[in-house]
Amino acid sequence: MKEPLVPVIPMSHTAHIRSHRKPRRSATSSIALRAGVAGGVLSMAAAGASASASAAEPVTQTIELPTLTADMSAQVAQSAAATQQAAANYELRAERDAAAAKAATEAKKDLAEAKQKAEAKKKAAEAARKAAAERANRSTERATLSASASASTSVSAPASGSVATVIAFLKAQVGDAYVMGATGPNAWDCSSLVQAAYKQVGVDLPRVSQDQSMSGTDVPLSSIQVGDILYWGGKGSAYHVGVYIGNGQYLDAANPSKGVVIQDLSGYPASGAVRVL
């Protein structure tokens with residue numbers, strides 16, 4: 001039998017020298033290197049997958065964000081409410097200003113109308129006074145009488161035309177003002193009006209009501225006639241006078257609130273009466 005042939009591997013001429021041999025990598029190092037490379041690749045893949053997942057998924061709100069949003073909503077609502085209230089206040093103020101301006105305009109208009117009416121009344125009163133004076137001048141039966149402060153003094157009655165003149169003069173003063181101590185022509189007190197009326201027919205009466213109640217002839221209230229002087233209070237101490245104009249009415253300068261007016265005798269009965277015409 002032939003012996004098997006053993007292959008002969010040529011060796012380097014320096015293979016027997018240790019420093020010239022290539023160091024062999026150990027199996028452990030090789031495995032570690034391969035594991036590190038594989039781990040790095042897997043880490044990169046995982047990072048990529050995580051990034052992709054993060055990019056795909058929406059970011060959720062934090063806990064603080066809803067709270068901040070709610071606070072801002074409340075502030076916006078409060079601001080809107082304040083703005084609305086301010087607008088309402090401005091509108092109300094504008095309405096009040098407009099109402100005040102309208103009231104002032106109407107008041108000015110009313111005042112102008114009142115002045116016009118007063119002027120027209122004065123003109124009518126002046127015309128009535130002139131007419132009364134003309135009638136008095138045409139009267140041929142006028143008599144001049146004097147009044148006495150004595151209760152026994154009596155005054156004779158002139159013609160009835162004189163009474164008409166007195167009444168016409170008194171009615172022409174209706175609407176004039178009452179002012180204590182005034183003697184006309186546009187303001188009177190009770191006794192100055194009576195004195196001026198009778199002066200139109202030449203009868204000179206005392207200035208004050210106390211003395212006027214003592215003039216002429218006493219007349220029962222049940223028998224009074226147009227032109228009689230009515231007084232309130234005691235005879236000789238009367239505090240008010242007027243003139244009877246018929247139909248249960250009298251004319252007087254009543255008080256500051258009424259002025260010269262015509263009133264019903266039943267509403268304010270007189271204390272007594274005297275007749276000087």
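## A buried Asp and its Lys partner

D176 and K122 join up through their side chains in a salt bridge, with N to O at 3.0 Å. D176 sits in the loop between helix 3 (160-172) and strand 2 (177-178), while K122 belongs to helix 2 (residues 64-138), so this pair ties together parts that are 54 residues apart in sequence. Keep in mind that this is a predicted model.

K122 comes in at 26%, so it counts as partly exposed.

## A loop-to-loop link

In total, the structure holds 5 salt bridges. Another one of them brings together the side chains of R207 and D189, at 2.9 Å from N to O. Here R207 is in the loop between strand 4 (203-204) and helix 5 (209-212), and D189 is in the loop between strand 3 (187-188) and helix 4 (190-199), so the pair ties together parts 18 residues apart in sequence.

R207 counts as partly exposed because its relative accessibility is 26%. D189, at 4%, counts as buried.

## A strand meets a loop

Which residue does D218 pair with in a salt bridge? The partner is K235, and the closest N and O atoms are 2.6 Å apart. D218 lies in strand 5 (residues 217-219) and K235 in the loop between strand 6 (229-232) and strand 7 (240-246), so the pair ties together parts that are 17 residues apart in sequence.

D218 has 45% relative accessibility and counts as partly exposed. K235, at 31%, counts as partly exposed too.

Conventions. Residues numbered from 1 in each chain as written. Predicted model: local features only at pLDDT ≥ 70, side-chain atom pairs only at ≥ 80, totals over all residues. Heavy atoms only, no water. Salt bridge = Lys/Arg side-chain N within 4 Å of Asp/Glu carboxyl O. Helix = DSSP H or I, 4+ residues; strand = E, 2+ residues; numbered from the N terminus. Buried < 20%, exposed > 50% of the residue type's maximum accessible area, 1.4 Å probe, protein only.
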